[in-house]
Amino acid sequence: MSVISQGFQGRGRRDDRLPPGQYETHDFPVLSAGPTPYISVDEWQFTIDTEDGARHTWSWQDLMALPKSTPHVDIHCVTRWSKFDTDWEGVSLDVLLEDVESAAEYALVSSYGGYTTNLPLEDLLDGKAWIAYAFDGRPLAPEHGGPARLLVPHLYFWKSAKWVRGIRLLDQDEPGFWETAGYHNYGDPWHEQRYWGD
Amino acid sequence: MHVDGNAAAGLLTQVFARDMTGAHGTCGSCGHNGPLAEAVVYGEAAGTVFRCPTCDNVLMTLVEAPGRILARLAGLRWLAVPI
């Protein structure tokens, strides 16, 4: 008797998980707009600056001491590849923002190396975003944003800033690197918000 | 991985409708002046990024969208195009 198996399909049917205009890849492509910064965990620091000028700072040891999450998510790059069932380890932004007093509506994320990206603050809350420091059970490699990157999988992956070093909370929206270069200000893959005007 | 500005000659020709590898630009950050052909180009990104060979400042980005190319030249103090 033959056995027909559909194989492992993760959460839901694969075609239901692929946003419009995307294809599935099993690789993890590396896209960089500049040289890869090599930041040791001894010098790594993460800051959140509020709209009132208050600064909150975490060292690598501080980050490691916080409760960790293990998000299992699909990721979608604006260059049209999607990767299903990726496994990360990191700290939820809900934890980092817990004691930060702010009425800001926007966030501007900055990286070692000068990269920036913007998003509404609410997209960093309620279990939607993490500071990720491991991928597939290993420390995050520098070419993928190590020692730590932002992970915001519900938006195109350029929002998940590699080599993250800080977040500024702002009253007014301030477009980041790709947003000022012609990409969409928000970047929802399910609405195919790739470029300005989409 | 990066290449030099010659590798982006075809894309530059699409934008400026002429050979641009001999055009000279001045970096808005450090003031370095040189041909676009000597820019440090990162092409395996969401767009093509031209960086200053001296200070790494982003001189120019070109994003290829359906039916149009979006050019941002904010990192250049000026661009001299031979005629």
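On a 1 Å grid over the protein atoms alone, a cavity is a set of points where a 1.4 Å probe fits but cannot get out, and its lining residues have an atom within 4 Å of a point. Grid points are joined across faces, edges and corners, and a volume is the space filled by probe spheres set on the points. With that in hand, this structure, a predicted model, holds one cavity of 30 Å³ or more.

The largest cavity has about 80 Å³ of space. Its lining counts 13 residues, and B:Gly25, B:His32, B:Gly34, B:Pro53 and B:Leu59 are the ones nearest the centre. Strand S2 (24–27) and strand S3 (33–35) of chain B are the elements giving two or more residues to this lining, and S2(B) gives the most, with three. Strands here are DSSP E runs of at least two residues, numbered from the N terminus.

Some housekeeping: residues are numbered from 1 along each chain as written, chains are lettered from A in the order written, and side-chain values use heavy atoms, leaving out hydrogens and water. Because the model is predicted, local features need pLDDT of at least 70 and side-chain atom pairs count only at pLDDT 80 or more, while totals for chains, interfaces and linings use all residues.

Now the rings. Phe, Tyr and Trp rings (six-membered ring for Trp) pair if their centres lie within 6.5 Å; planes under 30 degrees apart are stacked, over 60 edge-to-face, the rest tilted. The count is 16 aromatic pairs over all chains. In one of them, A:Phe28 and A:Phe135 have ring centres 4.9 Å apart and planes at 55°, so this pair is tilted. A:Phe28 is in the loop between strand S1 (23–24) and strand S2 (45–49) of chain A and A:Phe135 in strand S8 (residues 130–135), so the pair ties together parts 107 residues apart in sequence.

How exposed are a few chain A residues? The table uses relative accessible area with a 1.4 Å probe on protein chains only: buried is under 20%, exposed over 50%, partly exposed in between.

| Residue | Relative accessible area | Class |
|---|---|---|
| A:Phe28 | 15% | buried |
| A:Phe135 | 14% | buried |
| A:Arg80 | 32% | partly exposed |
| A:Asp126 | 65% | exposed |

On the backbone side, A:Arg80 has a positive phi near 95° though it isn't glycine, and A:Asp126 has a positive phi near 60°. A cis peptide bond joins A:Gly146 and A:Pro147, with omega about 15°.

Terms used. Helix = DSSP H or I, 4+ residues; strand = E, 2+ residues; numbered from the N terminus. 1 Å grid on protein atoms, 1.4 Å probe; cavity = no way out; pocket = protein on both sides within 12 Å on 5 of 7 lines; lining within 4 Å.
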